[in-house]
Amino acid sequence: MLFYPPRRTRFYGAMADSQFLDKGRTFQELPGLQIYYVSDKDIWKAFQTVYPVRKYLGDEGLAYDDGSSVTYVNTEVDDGSEIAALMKYFKTADPEDDSQGDLSRRVHYLKCEEGGIEYMCELTEAIEKRGEARGEARGRQAVAFNLASMGMTVDKIAQAVGETAAVVQQWLAGETENG
């Protein structure tokens with residue numbers, strides 16, 4: 001598979017825009033969008049930490065502002081900038097490194113201090129439970145599709161997977177949730 005970040009950032013932008021523009025709303029209602037693509041490699045190989053994308057209209061080089069911007073940032077190049085120092089910090093998130101002010105203090109609290117550690121444990125547990133629930137739901141959906149392919153009725157499938165017939169019908173119609 002070819003790795004091509006511009007297409008990926010275009011996709012990310014489209015996905016974000018689609019979440020904000022409900023049916024019946026105008027394009028002028030789209031909020032500004034800033035995409036920061038953070039990579040552990042200098043994908044552009046120009047030895048910079050930050051690569052802002054510039055948009056121009058025509059040969060005259062007129063600035064083109066569609067309300068969105070893309071900035072590529074990498075953790076590989078240390079050009080001595082504040083952003084490079086932040087990227088270096090992100091790679092380690094060392095709780096003893098106090099170079100990033102409030103961020104460093106928060107990381108230290110969450111990793112080393114009573115209250116912070118408990119908070120992180122609770123958060124991790126909640127994430128695990130949500131992941132388990134998603135996995136179980138996807139498993140029930142897979143079973144529902146298999147049973148439907150064998151000719152079982154929606155009511156029987158619902159009974160077998162512990163869901164309502166309406167939910168099973170939605171699954172089979174392709175209206176699955178990513179929840």
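In the predicted model, Thr9 lies in helix H1 (residues 5-20). Thr9 is buried, at a relative accessible area of 5%. Its side chain makes a polar contact of 3.0 Å with the side chain of Tyr72. Beyond its neighbours within four places in sequence, Thr9 is in contact with Ile35, Tyr37, Val70 and Tyr72.

Two of these partners, Val70 and Tyr72, fall in strand E5 (residues 68-74). Ile35 and Tyr37 belong to strand E1 (residues 33-39).

Strand E5 is largely enclosed by the rest of the structure, because 5 of its 7 residues are buried. Strands E1 and E5 pair in the parallel sense, over 7 bridges. Within this pairing, Val38 has Val73 of E5 as its bridge partner. Strand E2 (residues 50-52) also joins E5, but runs antiparallel to it, through 3 bridges. Here Val50 stands opposite Val73.

The protein holds 6 helices and 5 strands. From the N terminus, their order is α-β-β-β-β-β-α-α-α-α-α. The radius of gyration is 24 Å, well over the 16 Å that the globule rule gives for 179 residues, so the protein is more spread out than a compact globule. The C-alpha trace spans about 65 × 55 × 35 Å along its principal axes.

Of the 179 residues, 18% are buried. The exposed surface comes to about 13,400 Å², with 54% supplied by carbon and sulfur atoms. Among contacts between residues at least 6 apart in sequence, 42% join residues at least 24 apart.

The cysteines were examined for disulfides. A disulfide is a covalent bond between the sulfur atoms of two cysteines. The cut-off for the sulfur pair is 2.5 Å. The count by this rule is 0 disulfides. The sulfur of Cys112 has its closest cysteine sulfur in Cys121, at 13 Å, which is too far for a bond. For the sulfur of Cys121, the closest cysteine sulfur is likewise that of Cys112, 13 Å away. Both residues have intermediate accessibility. Cys112 is partly exposed, with a relative accessible area of 34%. Cys121 is also partly exposed, at 48% relative accessibility.

Technical notes: Residues are numbered from 1 along each chain as its sequence is written. This is a predicted model: local features need pLDDT of at least 70, side-chain atom pairs count only at pLDDT 80 or more; totals for chains, interfaces and linings use all residues. Side-chain values use heavy atoms; hydrogens and water are left out. Buried means under 20% relative accessible area, exposed over 50%, partly exposed in between (1.4 Å probe, protein chains only). Helices (H or I, at least four residues) and strands (E, at least two) are DSSP runs, numbered from the N terminus. Two strands pair if DSSP finds at least two bridges between them. A polar contact is a pair of N or O atoms within 3.5 Å; within protein, one must be able to donate a hydrogen and the other to accept it, and residues adjacent in sequence count only if both atoms are side-chain atoms. Contact means heavy atoms within 4.5 Å. The radius of gyration is taken over C-alpha atoms; the globule rule is 2.2 Å times the number of residues to the power 0.38. Accessible areas come from the Shrake-Rupley method with a 1.4 Å probe; for residues, only the protein chains shown count as cover.
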